[in-house]
Structures are given as structure tokens and as C-alpha cells.
Amino acid sequence: ELLKECGVSESEIIKGATLYPAKWLGLENRLGTLAPGREANLLNLDKDPLDEIKNIRSTYLVMQKGKVVFRKTP
């Protein structure tokens, strides 16, 4: 949220937490984006973080290496 207050767009904030670190570490062929053959580390949200970055906190489901490790209960 502080990055947003500094004028960074929601899409750039998300890339800064996913794609860019994977590239900096030389792991962009395994991590950072959704594509066939890549590790399935996913964060599924109830609300769109592109509308408001604070929606990144609306976690519904987390998958790590293709396995569900967290699911919000109703």
C-alpha cells in the first residue's frame, strides 16, 4: 500500500512481488508467471488487486507446488 501511495501502479506492485524477483534470481523459467511447466505457486483472491492493491489481503486459496496449503473457510 505504501508503494501505491508513492505512485506505483497495482500491476507494477504485483510484478515486483512475482515476475521481477524471478528474473533477478534467474528463475523466470520456473517462477514468476503462470505457464505450462512452471511451479504452481498460486494466490487466489476474493477481490481484484488491480482495482485496489489492498485487495491483495483478500486471500481465498494458496497453492504451493501444486498443492493447496490454505483455503478460506466460510
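Visitor: Is lysine 54 buried, partly exposed or exposed?

Guide: Buried means under 20% relative accessible area, exposed over 50%, and partly exposed in between (1.4 Å probe, protein chains only). Lysine 54, at 46%, is partly exposed. This is a predicted model in which local features need pLDDT of at least 70 and side-chain atom pairs count only at pLDDT 80 or more, while totals for chains, interfaces and linings use all residues. Residues are numbered from 1 along each chain as its sequence is written, and side-chain values use heavy atoms, without hydrogens and water.

Visitor: Which residue meets lysine 54 in a salt bridge?

Guide: A salt bridge is a side-chain nitrogen of Lys or Arg within 4 Å of a carboxyl oxygen of Asp or Glu. Lysine 54 meets glutamate 52 at 3.8 Å, N to O, and glutamate 52 is partly exposed at 41%.

Visitor: How many salt bridges does the whole structure hold?

Guide: The search finds 6. Among them, lysine 4 pairs with glutamate 10 at 3.1 Å; lysine 4 is partly exposed at 36%, whereas glutamate 10 is buried at 11%. Another joins aspartate 46 to lysine 72, with the closest N and O atoms 2.6 Å apart. Aspartate 46 lies in the loop between strands S1 and S2 and lysine 72 in the segment after S3, so this pair ties together parts 26 residues apart in sequence.

Visitor: In which sense do S2 and S3 pair?

Guide: Strands are DSSP runs (E, at least two residues), numbered from the N terminus, and two of them pair if DSSP finds at least two bridges between them. S2 (residues 59-64) and S3 (residues 67-71) are antiparallel over 4 bridges, with methionine 63 opposite valine 68.
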